[in-house]
There are 2 protein chains.
Amino acid sequence: MAADRLVEELRARVRDLEEELNRVRSRHDTRRAKIEKMSAEVVDSNPYSRLMALKRMGIVEDYEKIRTYTVAVVGVGGVGSVTAEMLTRCGIGKLLLFDYDKVELANMNRLFFQPHQAGLSKVEAAEHTLREINPDVQFEVHNYNITTIDNFQHFMDRISKGGLKGEPVDLVLSCVDNFEARMAINTACNELGQIWMESGVSENAVSGHIQLIKPGETACFACAPPLVVAANIDEKTLKREGVCAASLPTTMGVVAGILVQNVLKYLLHFGTVSYYLGYNAMQDFFPTMSMKPNPSCDDKYCRQQQDAYKLRSASEPKAEVVVEEESPVVHDDNEWGIELVSEVSEEELKEASGPVPELPEGITVAYTIPITKPTSGATVEETEQSLEDLMAQMKNM
Amino acid sequence: MAADRLVEELRARVRDLEEELNRVRSRHDTRRAKIEKMSAEVVDSNPYSRLMALKRMGIVEDYEKIRTYTVAVVGVGGVGSVTAEMLTRCGIGKLLLFDYDKVELANMNRLFFQPHQAGLSKVEAAEHTLREINPDVQFEVHNYNITTIDNFQHFMDRISKGGLKGEPVDLVLSCVDNFEARMAINTACNELGQIWMESGVSENAVSGHIQLIKPGETACFACAPPLVVAANIDEKTLKREGVCAASLPTTMGVVAGILVQNVLKYLLHFGTVSYYLGYNAMQDFFPTMSMKPNPSCDDKYCRQQQDAYKLRSASEPKAEVVVEEESPVVHDDNEWGIELVSEVSEEELKEASGPVPELPEGITVAYTIPITKPTSGATVEETEQSLEDLMAQMKNM
C-alpha cells in the first residue's frame with residue numbers, strides 16, 4: 001500500500017516536471033512554422049507583409065527574389081551581428097557566418113548578443129538566435145579565423161561554392177575589426193572576382209563607413225592602402241595592453257543599417273547603390289565618393305580584374321551597368337514628417353539640390369546642400385510658387 | 001522487489017527532469033549581477049568598458065553621468081524598441097516605455113521582438129528583454145494609449161514626475177506611427193516646457209527623420225503642421241482596409257541609431273546636436289535644417305513658451321546655448337578605413353585630399369569638414385523670411 005502510494009506520487013511528480021519542462025522549453029523555443037511562399041496578405045500572422053508591401057509602394061519590383069540570394073558575413077561583432085539579423089528578418093535565402101570569437105559581457109554595449117550567451121562562440125550564439133527569428137533562412141556557420149592558411153583556403157572554397165545551389169555567394173560583407181582580416185577578404189575577392197562590401201567603425205566610436213568593391217571596376221582595399229599596411233607596421237604593436245577601443249550601439253547600428261540597405265538596393269535593384277558612404281556622428285555628416293582602381297595595385301589579381309573589366313567594357317559598352325544607378329521613382333519623404341506617399345519627383349529633387357560642380361576625376365560631391373531658387377525678394381504672398389518650391393525653401397531655414 | 005526497482009527508476013527520472021529543468025531555466029534566465037559603479041577596467045566581464053573608453057578617447061567627459069538620466073520612449077515599435085535597447089545597453093538611468101500594442105509576427109521584419117513573444121504586450125515583452133540585457137537600468141512601463149483623456153493626464157503626470165528622484169524626465173522620445181499620438185506628445189511637452197525628440201519613417205519604408213524640439217525655441221509639431229492635420233483629414237479614412245505600410249529593419253535601425261546618437265550627444269555634451277536630420281535611403285541623402293517657432297501657432301502653450309524663451313534670452317544673452325553647437329575637436333575618420341588611432345593630423349589629411357575645387361556656394365566636398373559659420377550672401381539660414389509666411393501660403397494651396 002505504502003509502496004503503491006509512493007509510486008503514484010512519484011508518477012505525478014514526473015508528470016508535473018515533464019509538463020513544466022515543456023512549458024519552459026516552448027516559451028523560449030517556439031519557432032514559427034516555415035513559410036513556403038512569401039505572401040503579401042495583410043494579417044498579423046504574416047512576417048513578410050510589411051516587406052511585400054514594398055512592391056505595392058512601388059519601391060521594389062520583385063521582393064520574393066531575396067529568397068534566392070546568399071550573403072556571406074565575415075565578422076559577427078557589433079556590425080556583423082546586426083547585419084546578419086537585418087538580412088534574416090528581411091528573409092534572405094542563405095547566410096554564411098564567419099567568426100572565431102566568443103561572446104563576452106564586454107560586448108553588451110552593442111546590439112544583438114545577450115548576457116546569457118556569454119562564453120558561447122559568436123557564430124553558434126548568432127545562428128541559434130537567427131533561426132528562432134526566421135526559420136526560412138538557411139545558415140552555414142564557420143567558427144574559425146579566416147586569415148590562417150588552411151582556413152583561408154576553406155573560406156575561398158565556401159565563398160565560391162556556398163550559394164543555395166552550390167554557386168558562388170552573391171555578396172561578401174566584411175564586418176571585421178582588423179586589417180589582416182580585411183586584406184584576407186580583399187585577396188580572396190580579387191582572385192575570385194567576387195563583389196563585396198566593406199564596413200568599419202573608428203576606434204573612438206563616432207565615425208564609420210561602408211564601401212562597395214567590384215574587383216577591377218572600383219578601387220580594392222589594396223589599391224588605396226591603409227597607412228598601417230603601407231608602412232608595414234604590425235597592428236599588434238599598436239594595440240597596447242589594457243587599452244580598448246570605444247564602441248557605441250548607435251554608430252554600429254547606423255553602419256549596419258546603411259550596409260544592409262546598400263545590400264538590399266544592390267540585390268533587389270532599387271534606389272542608388274552607394275560606392276562609399278561615410279558617417280561622422282559628431283557632426284551628422286555623411287560623405288560619399290567613389291574610387292577608381294589603382295593600375296599599379298600590389299595585388300596581381302586586382303590588376304588582372306582591371307584588365308578583364310576593361311575588355312568587358314570595351315566589348316559591351318553597357319556591361320558595367322549591373323546596378324541600377326538611377327532610381328526610376330523616388331518616393332522621397334518630405335521635410336514635414338508627412339508620411340503619406342509624396343509627390344516630389346526625382347527631377348524636382350535634383351533641381352532643389354542645385355548645380356553639381358566640376359570636380360577632379362574620381363571625386364564626387366558629399367551631398368549638395370539645396371540652394372534656394374532665385375526668387376526676387378522675400379515676399380511670397382503673390383507668387384505662383386508650387387508646394388515643392390516652398391518645401392525646398394523651407395528645407396533651408 | 002519489482003516495486004522497489006520501479007520506485008528507484010521513478011526517483012532517477014525525477015532527478016533527471018529536475019536537473020534538465022534547472023539547465024533550461026538557467027540557460028534563459030541568467031541575469032548578470034547588478035553593477036554598483038561603472039568601471040573603465042578592460043576585462044571581458046565588464047559590460048561598460050567600451051563605453052567608458054569614450055572618456056579615454058576624448059569624446060565624452062563624464063560618461064557615468066548617463067546613469068542619472070531618465071528618458072521616456074513613446075511607441076515601442078520598429079524605431080522605439082531599438083531606441084530603448086540602445087539606451088539600455090548604454091546604461092541609461094531609467095526608461096519609461098509607453099505603448100498599447102501587442103507583438104505580432106507581422107512585426108518580425110524589424111529588429112528587437114522575437115516570434116515567441118507574439119501575443120504579449122509590447123511594453124511587457126520589451127521590459128523582459130531589456131532587463132535581461134541590463135539589470136542596472138530602471139524600467140517603468142505603461143500599457144495604454146496616451147491619446148485618451150484619462151491616459152493623457154497620467155502620461156503628463158509621469159513625464160513631469162517620472163525621473164529617478166521624482167523630477168521631470170530629461171527627454172521624451174516620440175517613436176509613434178501616427179499623427180494623433182505625435183500631437184498628444186506635442187501638446188504635453190508644450191504645456192510642460194519639456195524638451196523632446198521626434199522621429200518618423202515614411203510609409204514606403206525608404207525615408208525617415210529625427211527632430212529636436214525645444215518648446216518656445218524651435219518650431220513645435222503644431223507650428224509646422226503636417227498637411228494631413230492642416231487639411232483636417234481623418235487619418236483613418238486615408239488608411240484603406242487591407243493596405244499596410246511597408247517597413248524595413250534597415251531604415252528603422254538607422255533612424256533609431258541617429259535618434260539615440262542625438263540623445264547621447266545632447267545628454268553627455270559632445271559633438272553637434274542636430275535639430276533636424278533626414279534620411280533618404282534611395283539616394284543616401286541626409287538633409288539637415290532647423291526651424292523657428294511660429295508666433296501664431298495654434299497651440300497656446302507653444303506661444304507662451306515662445307514668450308518665456310524671449311524673456312530668458314533677453315535677460316541672459318547666453319541662455320540659449322544649452323547645447324554645444326560646435327564641436328571643439330573633430331576626431332574625423334579618414335577615408336582609407338584606418339581604424340587605429342591615426343597619426344595623420346587634420347592638416348595632412350587635408351593635404352592628402354588634394355586641392356579643394358572651386359564650388360558654388362552652399363556646396364561642400366565629400367571629405368572636407370563642413371564649415372558651420374555662415375558665409376556672407378543670401379544663404380537661407382539668415383533670411384528673415386518667416387516660416388509662418390511659407391506655411392500660410394501652403395495652407396492656401
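Tutor: Start with the residues that touch the most other members of the largest nonpolar core: Tyr63(A), Leu95(A), Leu173(A), Tyr63(B), Leu95(B) and Leu173(B). That core holds 139 residues. Keep in mind that the model is predicted.

Take Tyr63(B) as one example. Setting aside residues up to four places away in sequence, Tyr63(B) touches Met38(B), Leu51(B), Met52(B), Leu54(B), Lys55(B), Cys90(B) and Leu268(B). A second core stands separate and has 32 residues. Among them are Met156(B), Phe179(B), Ala181(B) and Cys223(B).

Now the sheet. Chain A has an open sheet of 7 strands with mixed pairing. Read across, the order is S3-S2-S1-S4-S5-S6-S7. The edges are strand S3 (138-142) and strand S7 (276-280) of chain A. Each has a single partner strand, so one side of each lacks a neighbour in the sheet. From one strand to the next, the twist averages 15 degrees.

Look inside the sheet next. Strand S1 (residues 70-74) of chain A pairs with S2(A) in the parallel sense, over 5 bridges. Val74(A) has Phe98(A) in S2(A) as its bridge partner. Helix H5 (residues 149-161) of chain A packs on this sheet. The helix touches S1, S2, S3 and strand S4 (171-174) of chain A. The directions of H5 and S2(A) make about 170 degrees.

Step back to the chain. Chain A has 12 helices and 8 strands. Of its 397 residues, 58% are buried. Consider the contacts in chain A with a separation of 6 or more: residues 24 or more positions apart account for 64% of them. The accessible surface of chain A is about 16,600 Å². Carbon and sulfur atoms own 52% of that surface.

Next, the loops. In chain A, Phe112(A) sits in the loop between strand S2 (94-98) and helix H4 (122-133). Its phi is near 90 degrees, which is positive in a residue other than glycine. Phe112(A) counts as buried because its relative accessibility is 6%, against a cut-off of under 20%.

Asp284(B) is not a glycine, yet its phi is about 50 degrees. Asp284(B) lies in the loop between strand S7 (276-280) and helix H10 (300-315) of chain B. Its relative accessible area is 5%, so Asp284(B) is buried.

Stay in chain B for Ser121(B). This serine belongs to the loop between strand S2 (94-98) and helix H4 (122-133) of chain B. With a relative accessible area of 8%, Ser121(B) is buried. Its side chain reaches the backbone nitrogen of Glu124(B) at 3.1 Å. Beyond its neighbours within four places in sequence, Ser121(B) is in contact with Asp101(B), Lys102(B), Val103(B) and Asn143(B).

Finish with Asp44(A). Asp44(A) is in the loop between helix H1 (2-29) and helix H2 (49-56) of chain A. Its relative accessible area is 43%, so Asp44(A) is partly exposed. Leaving out neighbours within four places in sequence, Asp44(A) is in contact with Glu104(B), Leu105(B) and Ala106(B).

Technical notes:
Residues numbered from 1 in each chain as written. Chains lettered and ligands numbered in written order. Predicted model: local features only at pLDDT ≥ 70, side-chain atom pairs only at ≥ 80, totals over all residues. Heavy atoms only, no water. Helix = DSSP H or I, 4+ residues; strand = E, 2+ residues; numbered from the N terminus. Buried < 20%, exposed > 50% of the residue type's maximum accessible area, 1.4 Å probe, protein only. Core = buried A, V, L, I, M, F, W, Y, C linked by side-chain atoms within 4.5 Å. Contact = heavy atoms within 4.5 Å. Pairing = 2+ DSSP bridges. Axes fitted to C-alpha atoms, helices over the stretch in contact; angles between N-to-C directions. Areas by Shrake-Rupley, 256 points an atom, 1.4 Å probe, with all protein chains shown as cover. Polar contact = N/O pair within 3.5 Å; in protein donor to acceptor, adjacent residues only side chain to side chain.
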